[in-house]
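Have the model open beside you as you read.

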Amino acid sequence: MALSKTVEGPEGRLTILDGVDLQVASGESVAILGASGSGKSTLLGLLAGLDAPSAGEVFLAGQNLSTLDEDGRAGVRAGRVGFVFQSFQLLPGLTALENVMLPLELLERPAREAAQAVLDRVGLAARGAHYPHQLSGGEQQRVAIARAFVTRPAVLFADEPTGNLDEASGAQVIELLFSLNAEQSTALVLVTHDPTLAARCANRYRLHAGRLATC
């Protein structure tokens, strides 16, 4: 059943998503384009199980999220889903290495060696002891990418991952996302308004007036 999302506003019911149908295969890269306010981030939240649809079902890693409560959805995401956000979302009181270790520690897996290896992969082997405020925006986003990939997730959701970066840093981040996507066969779902970034994806969709169409 296709996804729909409605909310109650001051002027009545507002339809954000209307009959959206999307399938993402293992290792696939997908871009979701659309103007600001078109519902891109809402769709990402539904696909990741961070929000519940008004109608329709979401299957993630073979699990129907619609049948689970918040804790159940979190359990499905754990170790299977990675996130990269525009605003990095690093914990300021942890070093770069500790930020990358955190998802593994929450899963009670050996963390330090694996986190160090992924930091090395994103070119930050020498920056592991630095705190987020000691890193540039591009470096912070590379730490966020390392954190997202350290559990070798089945799918990674990226919401405007280059939105706060200069052109050179953004280009580095794009290369990392697609390199790791290929190396780990992680499905990559990108929300972006950047056509250059979207062009790197195998499949592209555009959200307009709550409807999703292929580009």
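At what angle do α3 and α5 pack, and how far apart are their axes? In this predicted model, the angle is about 25° and the axes are 7 Å apart. Angles under 35 degrees count as roughly parallel, so α3 is roughly parallel to α5. Residues A96, N99, V100 and P103 of α3 meet V143, A146 and R147 of α5. By class, this contact has five nonpolar, one polar and one charged residues.

Helix α3 (residues 96-106) also packs against helix α4 (residues 112-121), and these two are oblique to each other. On the α3 side you will find A96, L97, V100, M101 and L104, and on the α4 side R112, A114, A115, Q116 and L119. Eight nonpolar, one polar and one charged residues make up the contact of α3 with α4.

Here are the two pairs in a table:

| Pair | Angle | Axes apart |
|---|---|---|
| α3 and α4 | about 125° | 9 Å |
| α3 and α5 | about 25° | 7 Å |

The crossing of α3 and α4 is right-handed, and the crossing of α3 and α5 is right-handed too.

Now for the cores. The largest nonpolar core has 38 residues, and L119, V143, I145, L156, L177 and L190 have the most contacts inside it. Elements that each supply at least two residues of this core include α3, α4, α5 and β7 (155-159). Leaving out residues up to four places away in sequence, L119 touches A96, L97, V100, L124, A125, G128, V143 and A146.

Key
Residues are numbered from 1 along each chain as its sequence is written. This is a predicted model: local features need pLDDT of at least 70, side-chain atom pairs count only at pLDDT 80 or more; totals for chains, interfaces and linings use all residues. Side-chain values use heavy atoms; hydrogens and water are left out. Axes are lines fitted to C-alpha atoms, for helices over the stretch in contact, and angles run from 0 to 180 degrees between N-to-C directions. Helices (H or I, at least four residues) and strands (E, at least two) are DSSP runs, numbered from the N terminus. Angles under 35 degrees count as roughly parallel, over 145 as roughly antiparallel, 65 to 115 as roughly perpendicular and the rest as oblique. A crossing is left-handed if the near helix is turned anticlockwise from the far one by less than a right angle, and right-handed if clockwise. Contact means heavy atoms within 4.5 Å. Ala, Val, Leu, Ile, Met, Phe, Trp, Tyr, Cys and Pro count as nonpolar, Asp, Glu, Lys and Arg as charged, and the others, Gly among them, as polar. A nonpolar core is a set of buried Ala, Val, Leu, Ile, Met, Phe, Trp, Tyr and Cys residues joined through side-chain atoms within 4.5 Å. Buried means under 20% relative accessible area, exposed over 50%, partly exposed in between (1.4 Å probe, protein chains only).
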